[in-house]
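Okay, thanks for coming, everyone.

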Amino acid sequence: MKQVSKVEMRRIRKLTQRHGRADAVRGKECPVCGNKGMVVHHVFPIRYGGKYGRYNLMATCSGRCHSYLNKASNRYCRRHGEDFDTMSALTFSRRIRRYIMTCIANRDAQREKRRREKRRAEQCE
């Protein structure tokens, strides 16, 4: 999968700001922590050919959650980038979104498991 040049990314950003698609996503719930999302995350990263359509935007709170989602999206694109050539951007974006939600669920399950183990250790002492 070929990366988009910086010049092309700037051009796309300007187009998006004009159309205001990002404003439609801001204020929705962050999928990671549930807080109000103020930062727009691109599910299918722009540098890998993602677009600024509403299907490709996700609201996140700033900081750790946005960083976590970026890492998950980039990881998926590196692993499955060659699949994009055979499907539409919308389908690929949906697959990334499903992968992100799985990562969040797995992370939450691991945290809960650690909490339970910690409580058991405290009770045994």
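Let's start with Cys103, which counts as buried because its relative accessibility is 13%; buried means under 20% relative accessible area, exposed over 50%, and partly exposed in between, using a 1.4 Å probe and protein chains only. Cys103 sits in helix H4. Helices here are DSSP runs of H or I with at least four residues, strands are runs of E with at least two, and both are numbered from the N terminus.

Before I go on, a quick word on what you're looking at. This is a predicted model, where local features need pLDDT of at least 70 and side-chain atom pairs count only at pLDDT 80 or more, while totals for chains, interfaces and linings use all residues. Residues are numbered from 1 along each chain as its sequence is written, and side-chain values use heavy atoms, with hydrogens and water left out.

Back to Cys103, then. What does Cys103 touch, not counting residues up to four places away in sequence? Tyr68 and Arg75, where contact means heavy atoms within 4.5 Å.

The expected span, by the way, is 1.5 Å times one less than the number of residues. Buried residues in H4 include Ala89, Phe92, Ile96, Tyr99, Ile100 and Arg107. They pack against strand E1 (39-42) and helix H3 (64-80).

So, over to H3. Its 17 residues should span 24 Å, and the end C-alpha atoms are 24 Å apart, which agrees. Cys65, His66, Leu69, Ala72, Ser73, Asn74, Tyr76 and Cys77 are the buried residues of H3. Their cover includes E1, strand E2 (57-60) and H4.

Have a look at Ser73 in H3. Why does Ser73 count as buried? Because its relative accessibility is 1%. Leaving out neighbours within four places in sequence, Ser73 is in contact with His41, His42, Val43, Pro45, Ile96 and Ile100.

Next, the charged pairs. Side chains of opposite charge can pair when their charged atoms come close. How many salt bridges does the structure hold? There are 3, and a salt bridge here is a side-chain nitrogen of Lys or Arg within 4 Å of a carboxyl oxygen of Asp or Glu.

One of them joins Arg107 and Asp108, at 3.8 Å from N to O. Arg107 counts as buried because its relative accessibility is 17%, whereas Asp108, at 35%, counts as partly exposed.

Then there's Glu112, which is partly exposed with a relative accessible area of 29%. Salt bridges with shared partners tie Glu112, Arg115 and Arg119 into one network. Arg115 meets Glu112 at 3.4 Å, N to O, and since the two are 3 residues apart in helix H4, about one helical turn separates them. For Arg119 and Glu112, the closest N and O atoms are 3.9 Å apart. Both arginines count as partly exposed, Arg115 at 45% relative accessibility and Arg119 at 44%.

Let's zoom out. The protein has 4 helices and 2 strands, and from the N terminus on they run α-α-β-β-α-α. Of the 125 residues, 36% count as buried. If you take contacts between residues at least 6 apart in sequence, 63% of those join residues at least 24 apart. The accessible surface comes to about 8,400 Å², with 47% of that belonging to carbon and sulfur atoms; those areas come from the Shrake-Rupley method with a 1.4 Å probe, and for residues only the protein chains shown count as cover.

Last thing, confidence. The mean pLDDT is 77, and 78% of residues reach 70 or more; pLDDT is the predictor's confidence in each residue, from 0 to 100. Where is confidence lowest, and where is it highest? Lowest in helix H1 (residues 6-19), at a mean of 60, and highest in H4, at 85. Where pLDDT is low, the predicted coordinates should not be read in detail.
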